[in-house]
Amino acid sequence: MSATAPRYLTRFQCLTESCEDTCCAGLVVPVSQSRWRILQDAVAGGPDAERVQAFVLPDPGSGAGAEAAYIAKREDGHCTFLDARKLCSLHQKYGEAVLPDACAMFPRVPTRRAERLEVTGSFGCPEVVRLCLLAEDALEQVPVEPSLAGRPELARELGGDDAWSRHAHSVRAVALHLLERREFPFASRLFMLGELARRLGPFYFRGTEAFEEEGADALLAATLSDFESASSLTGLHQQLTSISLPGGPWAAICGTVLKSRLGSAGSARFHAWARGVLDSYGGANASPDEVWALHAERRARLDAALGPRVEQYFRHYAVNHWLRLPFTDAPSLMDYVFKLTLRAAVLRWTLSGHPTVAALCEARLDDAQDRLDAAAVECFQLSAKHLEQSPELHSLAHGLSGGAGVDALPRMLVLLNGL
């Protein structure tokens, strides 16, 4: 089987105890029946047998199969088997084979498309974020050994005979090409994706039966072709830039996402970062218009000094998002694009609100890019780990988009306003 990965993954090495975060916290780690048995056999008769029995617990909700058990967490949310150096005590003593699948594969995300294996990285890992955001060639697709995936046999298999799945490769290819059109601002590229979703929406969605009728394939091909036209894209860019909206609603939406997680996310690192962003904007009770004014001023200064660097962050983030998360998991392309735009808006808001970035906007520093890079890595990683998959964000996205129906693109303009 052939395998590809973005170049940044070929450079990845776990930082272990040097990492600013740990992947062994916050999430429930499922244990398959086969890995549970391997672990039990490895510790049998030894000093860890009692701990494994006490902290690897049967999962009555999953039944027999892939998630037969789960690993209990400590009160601080960390894995029970994490030692004082932030290393896995089981891995150190018994090797990689005893690890649950999620632990062995993270931060790699393997997907099988036909006979091709694609491996991407999760932004829940700070080192993946660093490698992906900061190198210009990070997302160049290169051939790799399937073993890069960790356990390639567990790769999720995509595909299907339905029209939604059958045409996904062509739609994704156009979307990725749009994101690389650097002659247009990033917000314009997202608007182009939104317009693509709007035009495809009436006939291309999960469960569509339109392709059973003659003409749907040709309509899809013609629509995708339009988004390869420079004149069409220039028209969409001009359409977006001709629209003027107040910024307060944008700031209010972004602040709502962050504040809604403060009561449910247990990470001290996340709380310190979120409080720093909110304080930078004048505190949790600052008015949206005041927050917008600060953001707009910082955005202008940042773009003037380091605009290409910021553009690279968001372009790499969005491309990696499309590579890692199949849009076919969403009910429609518009739903997928709308949520991506909301995530990007929150990221831009937190980056402008990061105390380091706020300070950079006030003074010229020789190491400004290094400081900006460090702030961006923190924003993108903590957002990925604590915000992007949260029920609060999904609920907000559904409400804002009106269910990602025909009116979603005009609503998306509010999110594009701050980008």
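1. The buried residues of helix 6 are Pro126, Glu127, Val128, Val129, Leu131, Cys132 and Leu133, where buried means under 20% relative accessible area, exposed means over 50%, and partly exposed lies in between, with a 1.4 Å probe and protein chains only. Helix 6, residues 126-134, is thus mostly covered, with seven of its nine residues buried. The elements that cover these buried residues include helix 1 (7-10), strand 6, helix 14 and helix 17, contact being taken as heavy atoms within 4.5 Å. Helices (H or I, at least four residues) and strands (E, at least two) are DSSP runs, numbered from the N terminus.

2. It should be kept in mind throughout that this is a predicted model, in which local features need pLDDT of at least 70 and side-chain atom pairs count only at pLDDT 80 or more, while totals for chains, interfaces and linings use all residues. Residues are numbered from 1 along each chain as its sequence is written, and side-chain values use heavy atoms, with hydrogens and water left out.

3. On the overall fold, the protein has 19 helices and eight strands. Its radius of gyration is 23 Å, close to the 22 Å that the globule rule gives for 419 residues, so the protein is as compact as a globular protein of that length; the radius is taken over C-alpha atoms, and the rule is 2.2 Å times the number of residues to the power 0.38. The C-alpha trace spans about 70 × 60 × 35 Å along its principal axes. Buried residues make up 51% of the 419 residues, and among contacts with a separation of 6 or more, 77% are between residues 24 or more positions apart.

4. Five strands form an open sheet of mixed pairing, in the order 7-1-6-5-8, two strands being paired if DSSP finds at least two bridges between them. The edges are strand 7 (141-143) and strand 8 (156-158), each of which pairs on one side only. From one strand to the next the twist averages 30 degrees, with axes fitted to C-alpha atoms, for helices over the stretch in contact, and angles running from 0 to 180 degrees between N-to-C directions.

5. Within this sheet, strand 5 (residues 108-113) and strand 6 (residues 116-121) are antiparallel and share six bridges, with Arg108 bridged to Gly121 in strand 6. Helix 14 (residues 288-324) packs on the sheet, where it touches strand 5, strand 6 and strand 7, and its direction makes about 135 degrees with that of strand 6. Strand 1 (residues 2-6) runs parallel to strand 6, to which three bridges join it, and Ser2 has Arg116 as its bridge partner there. Strand 1 is also joined to strand 7 by three bridges, in this case antiparallel, and Ala5 stands opposite Val142 in strand 7.

6. Which residues touch the most other members of the largest nonpolar core? In this core of 114 residues they are Trp322 and Phe380, a nonpolar core being a set of buried Ala, Val, Leu, Ile, Met, Phe, Trp, Tyr and Cys residues joined through side-chain atoms within 4.5 Å. Helix 15 (residues 333-353) gives the largest share of this core, 13 residues. Beyond its neighbours within four places in sequence, Trp322 is in contact with residues including Arg172, Leu176, Leu193, Phe327, Tyr336 and Leu340. A second, separate core of 15 residues includes Val52, Val56, Ala68 and Phe81.

7. A search of the whole structure finds 17 aromatic pairs, for which rings of Phe, Tyr and Trp (its six-membered ring) must have centres within 6.5 Å, planes under 30 degrees apart counting as stacked, over 60 as edge-to-face and the rest as tilted. Tyr281 and Trp349 form a stacked pair, 4.9 Å centre to centre with 20 degrees between the planes. This pair links distant parts of the chain, since Tyr281 lies in the loop between helix 13 (268-280) and helix 14, and Trp349 in helix 15, 68 residues apart. Tyr281 counts as buried at 2% relative accessibility, and Trp349 likewise counts as buried, at 2%.

8. The rings of Tyr313 and Phe380 have their centres 6.4 Å apart and their planes at 65 degrees, so this pair is edge-to-face. Because Tyr313 lies in helix 14 and Phe380 in helix 17 (residues 368-386), the pair ties together parts that are 67 residues apart in sequence. Both count as buried, Tyr313 at 0% relative accessibility and Phe380 at 0%. Ring pairs also link Trp164, Phe203, Tyr204, Phe211, Trp322, Phe327 and Tyr336 into a cluster.
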